[in-house]
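I opened my notebook for a structure I had not seen before. I wanted its layout, its core and its charged pairs.

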Amino acid sequence: MNRIQKTMVLTGVICVTAGVVAGAQLGSIIKGGAVALAVDKFGPDINKGINSLYGEHNTRLLDETKVVPIISLGDSGYIGAVQVSGPASAVHKVKAVVQLEGRFNVPVVKGIRLRGLVPVASKSASRSIERVPGVGVSAIVDIKL
């Protein structure tokens, strides 16, 4: 194989590799955007559905509920949605729920994964986390893409 052929093969390999990596990242971006759009557009309908589910099981909710996206602290990507509940004045401030993740090991069980869900007044995880007091997570919403 001469030098030109080697260069062409190497260029092809680099292009294919870059395409695969970019395709995987593009897929994540598209899925994240789809979740964000679904939550923004259908959040009120999802919220009504969850409240109907609670009513069927005679479960009493707090004053107000709302469906918002979950944001992973590490990459600010939308990864799902939750319903938050609490006093109306506090729930109206919530724009998202930040997910914090960690690992915990105990002597008998290794590799326990911890996830904290914190209602916040911003959709940006890059700012400092300011919890909205008095609001909790009342349901987790799985969105099939």
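My entries follow, from the whole chain down to single pairs.

**Ground rules.** I am reading a predicted model, where local features need pLDDT of at least 70, side-chain atom pairs count only at pLDDT 80 or more, and totals for chains, interfaces and linings use all residues. Residues are numbered from 1 along each chain as its sequence is written, and side-chain values use heavy atoms, with hydrogens and water left out.

**Layout.** I looked up the elements and found two helices and five strands. Helices (H or I, at least four residues) and strands (E, at least two) are DSSP runs, numbered from the N terminus. Their order from the N terminus is α-β-β-α-β-β-β.

**Cover.** I checked how much of the chain is buried (under 20% relative accessible area; exposed is over 50%, partly exposed in between; 1.4 Å probe, protein chains only). The share is 27% of 145 residues. Strand β1 is mostly covered, with seven of its nine residues buried.

**Core.** I searched for nonpolar cores, meaning sets of buried Ala, Val, Leu, Ile, Met, Phe, Trp, Tyr and Cys residues joined through side-chain atoms within 4.5 Å. The largest has ten residues, among them Val68, Ile70, Val82 and Val97. At least two core residues come from each of β1 (64-72), β2 (78-86) and α2 (88-91). A second, separate core has eight residues, including Ile50, Tyr54, Ala81 and Val141.

I then took Val68 and listed its contacts (heavy atoms within 4.5 Å). Beyond neighbours within four places in sequence, Val68 touches Val39, Val82, Val94 and Val97, among others.

**Strand pairing.** Two strands pair if DSSP finds at least two bridges between them. I found β1 and β3 paired in the parallel sense over three bridges. Ile70 has Val97 as its bridge partner in β3.

**Charged pairs.** How many salt bridges does the whole structure hold? I counted two. The term means a side-chain nitrogen of Lys or Arg within 4 Å of a carboxyl oxygen of Asp or Glu.

One joins Asp40 and Lys123, at 3.0 Å from N to O. Asp40 sits in helix α1 (residues 3-56), and Lys123 lies in the loop between β4 (112-120) and β5 (136-141), 83 residues apart. Lys123 is partly exposed at 34%.

Glu101 pairs with Arg113, the closest N and O atoms being 3.9 Å apart. This pair links strand β3 (residues 96-104) to strand β4 across twelve residues. Glu101 is partly exposed at 49%. Arg113 is partly exposed too, at 46%.
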